[in-house]
Amino acid sequence: MNKTANQLLVIFGASGDLTARKLIPALFNLYKEKHLPENFVVLGVSRSDLTDVDFRKRVVLENEHLKKKSTVEDYGLLDAFANKMFYEDLGMEYDTSYELLKKRISDLNTKYDIGGNYMFYLSTPPKIYEAIAKNLSDQDLHDESEGWKKLIVEKPFGYSLETAKNLNVGLQRYFKESQIYRIDHYLGKETVQNLLVTRFANSIFEPLWNRNYIHHIEITNAESDGVEKRGGYYDKSGALRDMFQNHLLQIVSLVVMEPPIGAGAEEIRNEKVKALKSLRIMKDADTISKHTIKGQYVSTTIDGQKVKGYREEDGVDPESTTETYAAIKFFVDNWRWKDVPFYVRTAKRMPRKVTEIVIHFKSPHHAIFMDAGTSTRGNKLIIRIQPDEGILMKFGVKVPGQGFKVERANLDFYYSSLTETHVMEAYERLLLDAMQGDATLYARADEVEAAWEFVDPILNYWEKGENVNTYGYSAGVWGPTNSDDLIEGTSTWRNPGKNLADDPGFCVIS
């Protein structure tokens, strides 16, 4: 296990929702599991008028998000953990002199023997990232002559390719690229990371992971909720920017990438960039029209309760054409994936919240059991990212009795079965990795830009093209009725059940 150096975590936007809901509970779990160094303190920074005591109450002692996940044994640790929290009020705005902030950081550094190791977490709107980076630089808080300095930024990383490039240049003006950590919480999920192990540590998969054996790949990200209180933000973003450009293309890169030369962060990130650059960019309107579906949920009644349509949500333009459903078909231009279609969809107001990857294998070249029901029962590898995290293999077995009737059986693994192991939540893993200087699960500048290069033409066509259709779908169904038309041949989307292996089958082998 890597050693975690003494350090100070400075959270900008510390009075906001993300700090209380995700960051502090993740830090508490790391503290409880003894992953934090002996000398570790948190300095919350924002524009709210709070004292150290007020901040400790808000984010630890009276934090409902933390209490929900705490056990009776945890309560004895909360006071000690809260004492690691401090607060600094910036005043009216973030773009101001950080002279007083520097003094507070210096005092904590001396008092707790931090060694000049500072990590700055920007839980703020992206439009002020560069201003914060500049103000830190003005006070030499980026300088690594004593200890290391890191800057963590949350998504979205830009609104388009041009804005992403501008953001990267702006941050790199004050911090080196090696100091910048772009966080994507999807990469912190254990099942996403396990993609690399599934692919490269198992000889039953590694030789088959190519166009010779795989027919097509589908990825589904479904959310059962609507836009809730995010209508104003979401209406300027949409499903393609909110989920596809970042989370889902990160997953795609892990599926597509070539074997790295080693397990180091840069080796893995190099291959992810190559994978994203190999995606075939759709540039003409006809291709984009045929290979994409844009949808928006409309009102309906579910269990006797009326559910709002997207245009009825607070903060949404009543005539909005912003997509809450996006399905994309695309190809990868390299030897491994030549002519293998990829299908990726993401949506709001689906029947359930679920994210999974489905690898559809080709049928045997000489299908001697074609009349036994195997034509619609191809082998599948299903990787469930959330919920019910695990891996499921579907393969054919003979039904007992005369003849060769074939049914599908399930061979499955669930992370919940690892009862003796604490499976870290996404922010726990990502924060600990950053503390230890492991950037494997963080996006690099060229990685972000490569993702935008693929998405930009689609967004431009959807926003400015002629005769672009936005298809309505009732809240609570699996998208527009024509969504299956996107998939070649007789295949359709796999609409995931609540549990990983809850679809009909002949037997379950566990």
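Select K290, which at 58% relative accessibility counts as exposed (buried means under 20% relative accessible area, exposed over 50%, partly exposed in between, with a 1.4 Å probe and protein chains only). Its side chain and that of D286 meet in a salt bridge, 3.3 Å from N to O, where a salt bridge is a side-chain nitrogen of Lys or Arg within 4 Å of a carboxyl oxygen of Asp or Glu. D286, at 46% relative accessibility, counts as partly exposed. K290 and D286 are 4 residues apart in helix α12 (residues 285-291), and therefore about one helical turn separates them; helices (H or I, at least four residues) and strands (E, at least two) are DSSP runs, numbered from the N terminus.

This is a predicted model, in which local features need pLDDT of at least 70 and side-chain atom pairs count only at pLDDT 80 or more, whereas totals for chains, interfaces and linings use all residues. Residues are numbered from 1 along each chain as its sequence is written, and side-chain values use heavy atoms, with hydrogens and water left out.

The structure as a whole holds 26 salt bridges.

For the next stop, colour the strands of the open sheet, which has 6 strands in the order β3-β2-β1-β4-β5-β6, with parallel pairing (two strands pair if DSSP finds at least two bridges between them). At the edges stand β3 (85-89) and β6 (180-182), each with a single partner strand, so one side of each has no neighbour in the sheet. Inside the sheet, β4 (residues 118-122) and β5 (residues 149-153) pair in the parallel sense over 5 bridges, and F120 stands opposite L151 in β5.

What packs on this sheet, touching β1 (7-12), β2, β4, β5 and β6? Select helix α13 (residues 426-435), whose direction makes about 140 degrees with that of β4; axes are lines fitted to C-alpha atoms, for helices over the stretch in contact, and angles run from 0 to 180 degrees between N-to-C directions. Of the 10 residues of α13, 9 are buried, among them Y427, E428 and D433. The elements covering these buried residues include α1 (17-32) as well as β1, β2, β4, β5 and β6. Just after α13, G437 takes a positive phi of about 80 degrees.

Finish with helices α6 (residues 129-138) and α7 (residues 161-172), whose axes come within 9 Å and cross at roughly 10 degrees. The two helices are therefore roughly parallel to each other (angles under 35 degrees count as roughly parallel, over 145 as roughly antiparallel, 65 to 115 as roughly perpendicular and the rest as oblique). To see where they meet, select Y129, E130 and A133 in α6 with L167, G170 and L171 in α7, contact meaning heavy atoms within 4.5 Å.
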